[in-house]
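Have it open while you read, and go through the points in order.

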Amino acid sequence: MTPEDLDLLAALGRARAGVRVEIEKPYLIESRLSPLARREGYESIDALIGALRANREDRLIWAIVEALCRGETTFFNGRETFAALRDDVLPALSQRRRESPIRIWSAACATGQEVYSIAIAAHEAPNLTTGTRFEFFGSDLSERALEKAQAGLYTQFEVQRGLPIRMLIKYFENHDDTWAISPRIRQMVRWRRLNLLADLSAMGRFDVILLRGVLRGMDASLRGKVVEALVALLPADGVLVVDREDDVSDFEGDLIAAPGDTGIYLRDPSVRAAAAA
Amino acid sequence: MKTCLVVDDSRVIRKVARRVLEDIGFEIAEAADGMEALAWCRAAMPDAVLLDWNMPVMNGLEFLRNLRAEPGGDTPKVVFCTVESSVDHIRAALDAGADEYIMKPFDGEIIQAKFAEAGLL
């Protein structure tokens, strides 16, 4: 890859997905593009980029952007965060929602571990009001990631990253070296391919939105726009979950950090006070 | 410093596990089978045991049952580390008092994650 190639990839990532392509790490870019080049029938990454320049075909552009933005994820990424969701956030929402469903959205769900983790956490949550219903949604930019997420099949390595052994045998079935999430969890999740830069106003309301592994890789100018669009979908007592190291200080006033360094942000301080009382 | 007894009949596995566990701050003792491990525990209970299943003399499951019956034998956190990956094996291990379970092959990240899960880090 030439410096011009890297600049082209960076420009595509920024324009199409708001993602900062790390051109200072060409080896990382190569490791992501070489399987794509092979799949598309090109001899090399250079040939792939050559075709991109020659045709500017939309399908190929998206395939490249998807490969560049592929997120890595694990089950229960951030144990304390999921413990707080299970023990505090979901029971509190359950008290207030009563009959209406609690809607939870994993907004960059990658290969599905996050949305399945929150679904398991909801199953394990203590003190839910009788009749509490949950709806889970997973979305990602990458069609390939979504296919894997939807299948709910994980390798032995994947299920050993973050998943306690008791949760594994309770919520998964073993077929040789593959572990399948149990149908009762899988069937609770709805999926869709979604670019977070698109207009999100028609998505409806969500009580909990998880936005993890996203902001740190995003172009600074777009971070605020995405957070703002998601916050607009939260009711007053809704919750946004980002990575612990993400900086959302631009939203001070709109978002208040929940106690403990969990990356959980509450929208309305009075709800927080009521929850603590 | 916390102590971990690494029990495996493979010297290579013991060496790999020792390196990973020393990196996350454990002092390591080694045993090549369940009987040897039990002798170690009777002399000084470790904080953690990383335990293979299939070994000569006394296997991991028998060791665990014996350990839990010893005075003070309920305190060590026991993490299985074995090629056995069926749900039946995992259930049997948990029923016998295992705290976590690693399916081989493993890497350092998995050991670290499972030790954290068992409350050891």
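1. A word on terms before anything else: helices (H or I, at least four residues) and strands (E, at least two) are DSSP runs, numbered from the N terminus. Keep in mind that this is a predicted model, where local features need pLDDT of at least 70, side-chain atom pairs count only at pLDDT 80 or more, and totals for chains, interfaces and linings use all residues. Residues are numbered from 1 along each chain as its sequence is written, while chains are lettered from A and ligands numbered from 1 in the order in which they are written.

2. Let's start with chain B. You'll find five helices and five strands there, and along the sequence they follow the pattern β-α-β-α-β-α-β-α-β-α. With a radius of gyration of 13 Å, close to the 14 Å from the globule rule for 121 residues, chain B is as compact as a globular protein of that length. (The radius is taken over C-alpha atoms, and the rule is 2.2 Å times the number of residues to the power 0.38.) The C-alpha trace of chain B spans about 35 × 30 × 25 Å along its principal axes.

3. Now the sheet. In chain B, five strands form an open sheet in the order 2-1-3-4-5, with parallel pairing; two strands pair if DSSP finds at least two bridges between them. Strand 2 (26–31) and strand 5 of chain B are the edge strands, each pairing on one side only.

4. For one pair in detail, look at strand 3 (residues 48–51) and strand 4 (residues 77–82) of chain B, which pair in the parallel sense over four bridges. Opposite B:Leu50 you'll see B:Val79 in strand 4 of chain B.

5. Next, a cis peptide bond: B:Lys104 and B:Pro105 are joined by one, with omega at about 0°. B:Pro105 sits in the loop between strand 5 (100–103) and helix 5 (108–117) of chain B.

6. Over to chain A, where two residues deserve a look. A:Phe76 isn't a glycine, yet has a positive phi of about 45°; its place is the loop between helix 4 (58–68) and helix 5 (79–97) of chain A. A:Asn127, also not a glycine, has a positive phi of about 55° and lies in the loop between helix 6 (113–124) and strand 2 (134–140) of chain A.

7. Are these two buried or exposed? A:Phe76 is buried, with 24 other C-beta atoms within 10 Å, whereas A:Asn127 is exposed, with 10. (Buried means 20 or more other C-beta atoms within 10 Å of a residue's own, exposed 12 or fewer, partly exposed in between; C-beta atoms are placed from the backbone.)
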